[in-house]
Amino acid sequence: MRLSRFFLPIQKENPKEAEIVSHRLMLRAGMMRQEAAGIYAWLPLGFRVLKKIEQIVREEQDRAGALELLMPTLQLADLWRESGRYDAYGPEMLRISDRHKRELLYGPTNEEMITEIFRAYVKSYKSLPLNLYHIQWKFRDEQRPRFGVMRGREFLMKDAYSFDIDEAAARRSYNRMFVAYLRTFARMGLKAIPMRAETGPIGGDLSHEFIVLAETGESGVYCDSDVLNLPIPGDDVDYDGDLTGIIKQWTSVYAATEDVHDAARFEREVPADKKVHTRGIEVGQIFYFGTKYSDAMKALVAGPDGADVPIHGGSYGVGVSRLVGAIIEACHDDAGIKWPEAVAPFKAVILNLKQGSDDTDAAAKSCMENCRPRASMCSMTTPTSAPARNSRPPT
Ligand SMILES: Nc1ncnc2c1ncn2[C@@H]1O[C@H](COP(=O)(O)OP(=O)(O)O)[C@@H](O)[C@H]1O
Ligand SMILES: [Mg+2]
């Protein structure tokens, strides 16, 4: 890619509307453009970073055994009436009607739809555990969209949903996502700390937010500084094995968001020189919510004794578009963005320092051609070897 052929509408001046550094740098670097409050077009440079982040998220979900699918952005209101959330969700939900006056909504999350898909097909505990995810645009009509892609109205989220026969199995699914998240954010060059958190409108009784410490973050957090140096599980981690050792290590050190902060425990357990009280950016959140949706929406499977039981569920979100901003908040200096290599829009820059000289022009050109990613060629020729033994002649 030649810079002269790239679409890179950089801005020299600091945009007035940008309150935080990531928003400022993203606009100045020509990564995205606001089209309406909290709604952005991703320009080529920003889009490359977004796609790299998305791919890391995908690889770690796949490694942990989750299966990718793709659900639509538009959902039927009736589905949300089944769970009781159509009325409960309030003005953050963008409600639409089609030409037949059918009520639709632009999905803010997908618990209802995935439960509907699950109950249509899965009837036995033998098909469990199951974890399905997608990476899809969401819409939440936030009261105060701000900080660029960090709190948008339309934003890209990875959301996974686990289905298990009982609480013990559901906790194992939760643990798999917990470990997958540790790996995901570390691969992007981020220190994202799992912190005990409130469950909010998703419901349920167990939740962790993954938080990148930053003064510009929206969440107040408390932790023991030891949590900043715990080891990240390697790529050989066995997701079918026992993960409780890793979970214990990460959850026994104090780390909580201000909503669930236990001041007495913080005082008691954390030595004065290790007390951290700061702000952070929530880049992901995981929930175990038990039978909240399966009860309401009748997602039942036959257990080993043949009796139908509601499945135990969890949901697991990653803010893919928010991560672009979060990474910049964590990785910049006065001169601009310092990309962690794994998410850098380009891996190398070739500078021709003697333009017009035949030798350097040719050398720069050949360097560029050698750096180009090569598409793997598929063979268009028909196989010349004998047909497989069990193949039958055409009839
Ligand atoms: N308005 C938003 N803009 C960008 N990213 C968001 C927004 N809301 C949520 N996210 C991202 O999606 C992830 C999962 O969302 P969730 O926890 O359901 O939302 P919330 O924390 O707002 O209740 C969050 O951890 C965050 O990274
Ligand atoms: Mg959250």
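Helix α5 (residues 111-121) buries E111, E112, I114, T115 and F118, where buried takes 20 or more other C-beta atoms, placed from the backbone, within 10 Å of a residue's own, and exposed means 12 or fewer. These five sit on the same side of α5 because they cover an arc of only 165 degrees around the axis, going by the directions from the helix axis to the C-beta atoms. Over on the other side of α5, A120 and Y121 are exposed. The cover for the buried residues of α5 includes α3 (77-83), α4 (85-88), β7 (130-139), β8, α9 (292-297) and β16, with contact meaning backbone-placed C-beta atoms within 7 Å.

All this comes from a predicted model, in which local features need pLDDT of at least 70 and side-chain atom pairs pLDDT 80 or more, while totals for chains, interfaces and linings use all residues. Residues are numbered from 1 along each chain as its sequence is written, and chains are lettered from A and ligands numbered from 1 in the order written.

As for ligand 1, 16 residues surround it, with F155, Q285, G317, G319 and R322 the closest. Two or more shell residues come from each of β8 (154-164), β13 (275-290), β16 (312-319) and α10 (320-330). The largest share, four residues, belongs to β13.

Of its 395 residues, 33% are buried. Among contacts between residues at least 6 apart in sequence, 74% join residues at least 24 apart.

How values were computed. A residue is near a molecule or strand if its C-beta atom, placed from the backbone, lies within 6 Å of it. Two residues are in contact if their C-beta atoms, placed from the backbone, lie within 7 Å.
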